[in-house]
Amino acid sequence: MNLLSLVPILRLMLVAWFLLLVLLAHEPLLWWAIRQGVAARGWVRPSVWLAQLCRASFEHDRRGGPALAGALALLARGTHDDRLATWLEGQLGGKGAIGAAGVVAAGLIAASRGQRDAARDLMHSASNFDAEVALARVIANEWLVADAAERGDWARVMRLGVRPDVASPQTRFLAFAAARVRRELLIDEPTATDLGLRWMWWCSADRRRNRALLRQALATPRILSSRKPAPPPPAPAPPPIDPAEFVGDPLAYAQALHALWGTVVELERNLTPSHLIDLCKAWDAAFAGPALAQLSARSQALTTVLKPDLALAQLRRTVCEELAALTSRAQIPLAALLESGPIGAEAATLLRADLLGEVEKLNQSLRSRTQQKRSLSSVEELREWNTLRRAYERAAALGGLEVRRLMFPDIHLFVCNYAVWLWNDRKEYGISGPLFRWLLAEAEAVGDEEAITLQRKNVGVK
Amino acid sequence: MSAPADAQRRLAENPFYVLGLRPECGRLDVEREGQKLLGMLELGLKSAASYMTPLGPQPRSAERVRTAMAELRSPDRRLLHEFWARLPPRPEPPKPPEPPKPEHDLDPFPDAFAAHGWRRP
């Protein structure tokens, strides 16, 4: 072979080698190349392998960084590939704690599986890690902003989109455009001029898809103060059942009101405490009326085995269970039920027991796992803790301070032991640190002096 | 704990509404009406294909009719169903009210993930 014919190949190899050296010397550039050139094509395994070259960027999260690149590639594929998702989760496993990148990777894998709630929790957890691996937190924030925008939760987009350190050009554009269209102000940010909006759109990730939003924003006049005109009163819409038609018959009236609230969409927005009190009082009137006498008469006519008072108790229990479920779905505090008479009080007891039971079950599970030192992967630990926290916070929101005080001693004892185990034995500082802070905030809220002292020591504040 | 969906199902699938009867009807009425509806359904008659409830029309099937007849044959079950069939059926209930939108609100952005460069949420 003529040696001269090898010269172009050698030159090409030299250029490729030079480019590789440049990329290795400047890791952000390498990461950019992996994300745009490999992950964007949905190549999961090559993304993971190449991202292992970004040693400095993921110094404290050697498993998380490559998994993050792989998770980005997984989401770039047209359809979810469960085999690849499982393989990626395997990359996250192993001894030692994972960092923000690993948590975000787990969040993206959950998102790819369609588990949006779990993904949301994990993305939020990423902000609990220190400023290390900023790019992971930027990706988490981008995902959260996209999730909020897709759901139409623009208030959230405006809040998250301009968060210092983690805002990206795309999230900033969405936040500023939303603020302009909604005629609202952003926190600590001026309103954007037309030129500013165009510039942000130019810098955004996908100008074609963002163009409609830009046009809508530019068509809205810029506001300089947060004062908004009073919204016009909503037009009254006809209800599916009009309980007013049955005012003369307490039982039919209660059933109509019950059916009405059972069919209302977006119950949490529409059912207010006073509506709930009205419903409970309607049922009190229905059961106080001739209900038992009517049931007795029908029972006799039908020759039932079921005693009329037992039938009534069964019906009453069904009503109370449904009232409790309505209250829970509408996120109305238990106090509203307690104030609304005997049926309301029975429903409140059922709901309270349900809320406490849920927290107790999760808390006991955490306790036994801590005692037996049965560890899970970092991501699973976060998931389990988030499930317990959500149940506790829901019970606290509905049950008020009384339920919060009732739950806190056990929660404090078991969660604190759990956090100590994570901190001392497993070095999971990214998970246990926020747990101590959460326990301190709860201890202060319920006024538990002993717990406050202990958690201040754990958190390191005086 | 029962969900509000149970309350809806209880009204929509109450045997009295399925058979088009009122709670005061006799046992023979239940059998007669049930057999008549089963025959009509077998012939594919349109008039038997749906029934009215307080929440509006519901599709009627032979299986639902047989279940309704069986439920009303048990005096104990019938007593409970009578309690929940207090409301008269309605022909066409209006749609549930839509919550009011703020004056200057934005619609959801279905391309939000794609605009960030992700093909899927």
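K373(A) lies in the loop between α19 (342–371) and α20 of chain A. Helices here are DSSP runs of H or I with at least four residues, strands are runs of E with at least two, and both are numbered from the N terminus. The model is predicted; local features need pLDDT of at least 70, side-chain atom pairs count only at pLDDT 80 or more, and totals for chains, interfaces and linings use all residues. Residues are numbered from 1 along each chain as its sequence is written, while chains are lettered from A and ligands numbered from 1 in the order in which they are written.

K373(A) is not a glycine, yet its phi is positive, at about 50°. The residue counts as exposed because 9 other C-beta atoms lie within 10 Å. D165(A) is exposed because it has 10 C-beta neighbours inside 10 Å.

G399(A) is part of helix α20 of chain A. With 22 other C-beta atoms within 10 Å, G399(A) is therefore buried. Its contacts include L334(A), R352(A), L355(A) and R404(A), leaving aside residues up to four places away in sequence. Contact requires C-beta atoms, placed from the backbone, to lie within 7 Å. G399(A) and L334(A) are separated by 65 residues in sequence, but their C-alpha atoms are 5.3 Å apart.

In soluble globular proteins, nonpolar side chains tend to be buried together. The largest nonpolar core holds 156 residues, of which A71(A), V104(A), A105(A) and V157(A) touch the most other members. Helix α20 (residues 378–424) of chain A gives the most to this core, with 19 residues. Such a core is a set of buried Ala, Val, Leu, Ile, Met, Phe, Trp, Tyr and Cys residues joined through C-beta atoms within 7 Å. A105(A) touches G64(A), A67(A), L68(A), A71(A) and L92(A), again without residues up to four places away in sequence.

Two packed helices are described by the angle between their axes and the distance between the axes. Helix α10 (residues 169–182) of chain A packs against helix α12 (residues 207–218) of chain A at about 35°, with the axes 8 Å apart. Axes are lines fitted to C-alpha atoms, for helices over the stretch in contact, and angles run from 0 to 180 degrees between N-to-C directions. The crossing of α10(A) and α12(A) is left-handed. A crossing is left-handed if the near helix is turned anticlockwise from the far one by less than a right angle, and right-handed if clockwise. From α10(A), F173(A), A177(A), R180(A) and V181(A) meet N210(A), L213(A), L214(A), Q216(A) and A217(A) of α12(A). This contact has six nonpolar, two polar and one charged residues. Nonpolar covers Ala, Val, Leu, Ile, Met, Phe, Trp, Tyr, Cys and Pro; charged covers Asp, Glu, Lys and Arg; the others, Gly among them, are polar.

α10(A) also meets helix α11 (residues 194–203) of chain A, where the axes come within 8 Å and cross at roughly 145°. This crossing is left-handed. P169(A), R172(A), F173(A), F176(A), A177(A) and R180(A) of α10(A) face L197(A), M200(A), W201(A) and C203(A) of α11(A) in contact. The contact of α10(A) with α11(A) has eight nonpolar, no polar and two charged residues.

Chain B has six helices and two strands, in the order α-α-α-β-β-α-α-α from the N terminus. Of its 121 residues, 33% are buried. Strand β1 (residues 50–53) and strand β2 (residues 56–59) of chain B run antiparallel and are joined by four bridges. Pairing requires at least two DSSP bridges between strands. The two strands form a hairpin with two residues between them. M52(B) stands opposite P57(B) in β2(B). Y51(B) and T53(B) form the covered face of β1(B), and S50(B) and M52(B) the uncovered one.

The contact between the chains takes 46 residues from chain B and 65 residues from chain A. On the chain B side, α1 (4–12), α5 (75–83) and α6 (112–115) each supply at least two residues. α5(B) gives the most, with seven residues. By class, this side has 29 nonpolar, five polar and twelve charged residues.

Note on methods:
A residue is buried if 20 or more other C-beta atoms lie within 10 Å of its own, exposed if 12 or fewer, and partly exposed in between; C-beta atoms are placed from the backbone. Two residues are in contact if their C-beta atoms, placed from the backbone, lie within 7 Å.
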